[in-house]
Amino acid sequence: MQLSAEVRIPDGIDADPPPLQQGLIFWAKPQIDTWEDARAELTAAFEKSRAAAHSEESFVYIVSNDALLGRTGPTDAMVAAGLLSAARTAALEGWKKGWTANVVAYDKDHSPEEVLERALILVEDGMITGELLHIGQGHIGKALA
């Protein structure tokens with residue numbers, strides 16, 4: 001079973017998808033304000049990730065550092081932390097079968113192209129799995145605020 005290579009970029013993020021041969025890059029929507037939207041976002045990520053896993057293809061979730069640290073509200077944090085947990089859980093199974101699952105967390109001062117470039121490396125690398133790659137330094141020395 002072959003998953004069509006997919007790069008999911010939500011509305012509001014102006015970027016051209018990178019050339020992806022296989023796998024999934026799933027960029028979480030910014031500014032998730034309701035529990036219903038959070039549930040829909042996590043469900044979409046789960047369904048797409050499950051398709052990738054069944055096809056034995058790697059995937060990367062992209063979230064913001066601020067969301068991951070709870071700075072943008074509880075629903076954003078729930079999605080970001082849920083995707084990180086899902087990637088780390090999936091990574092164990094994927095490692096046995098040859099695919100990877102990772103997360104890229106970015107600061108808003110980095111361009112979408114920079115973020116997608118790092119995600120593409122993780123999808124294609126095949127060696128790194130279950131990891132969180134921070135782009136930017138906004139997470140260093142910061143506590144939840």
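Biologist: In which strand does Asn 102 lie?

Modeller: Asn 102 lies in strand E4. Strands (E, at least two residues) and helices (H or I, at least four) are DSSP runs, numbered from the N terminus. Two notes on the source. Residues are numbered from 1 along each chain as its sequence is written. This is a predicted model, where local features need pLDDT of at least 70, side-chain atom pairs count only at pLDDT 80 or more, and totals for chains, interfaces and linings use all residues, while side-chain values use heavy atoms, without hydrogens and water.

Biologist: Is Asn 102 buried or exposed?

Modeller: Start with the scale. Buried means under 20% relative accessible area, exposed over 50%, partly exposed in between (1.4 Å probe, protein chains only). Asn 102 has 0% relative accessibility and counts as buried.

Biologist: Which residues is Asn 102 in contact with, leaving aside its neighbours within four places in sequence?

Modeller: Contact means heavy atoms within 4.5 Å. With those neighbours set aside, Asn 102 is in contact with Phe 59, Val 60, Tyr 61, Ala 87, Leu 122, Ile 128, Thr 129, Gly 130 and Glu 131. Look closely at Glu 131. Its backbone nitrogen lies 2.9 Å from a polar atom of the Asn 102 side chain.

Biologist: How many helices and strands does the protein chain have?

Modeller: There are 4 helices and 5 strands. Along the sequence, they follow the pattern β-β-α-β-α-α-β-α-β.

Biologist: Which residues touch the most other members of the largest nonpolar core?

Modeller: First, the idea. A nonpolar core is a set of buried Ala, Val, Leu, Ile, Met, Phe, Trp, Tyr and Cys residues joined through side-chain atoms within 4.5 Å. The largest one here has 24 residues, and Phe 59, Tyr 61, Val 63, Leu 83 and Ala 101 touch the most other members. Strand E2 (24-27), H1, strand E3 (59-64), H2, helix H3 (74-97) and E4 each give two or more residues to this core. H3 gives the most, with 7 residues.

Biologist: What is Leu 83 in contact with, beyond its neighbours within four places in sequence?

Modeller: Leu 83 is in contact with Ala 28, Leu 42, Ala 45, Tyr 61, Val 63 and Val 103, those neighbours left aside. Another core, of 17 residues, lies apart from the largest one; among its members are Leu 20, Tyr 106, Val 115 and Val 123.

Biologist: How many salt bridges does a search of the whole structure find?

Modeller: Side chains of opposite charge can pair when their charged atoms come close. For a salt bridge, a side-chain nitrogen of Lys or Arg must be within 4 Å of a carboxyl oxygen of Asp or Glu. The search finds 6. One of them joins Glu 6 and Lys 48, with the closest N and O atoms 2.9 Å apart. Glu 6 is in strand E1 (residues 6-8) and Lys 48 in helix H1 (residues 35-54), so the pair ties together parts 42 residues apart in sequence. Glu 6 is partly exposed, at 25% relative accessible area. Lys 48 is partly exposed too, at 26%.

Biologist: Where do Glu 41 and Arg 8 lie?

Modeller: Glu 41 forms a salt bridge with Arg 8, and their closest N and O atoms are 2.8 Å apart. Glu 41 is in helix H1 and Arg 8 in strand E1, 33 residues apart. Both residues are buried.

Biologist: Which residue does Asp 66 form a salt bridge with, at 3.9 Å?

Modeller: The partner is Lys 108. Shared partners join Asp 66, Arg 71 and Lys 108 into one salt-bridge network. Lys 108 is exposed, with a relative accessible area of 72%.

Technical notes: A polar contact is a pair of N or O atoms within 3.5 Å; within protein, one must be able to donate a hydrogen and the other to accept it, and residues adjacent in sequence count only if both atoms are side-chain atoms.
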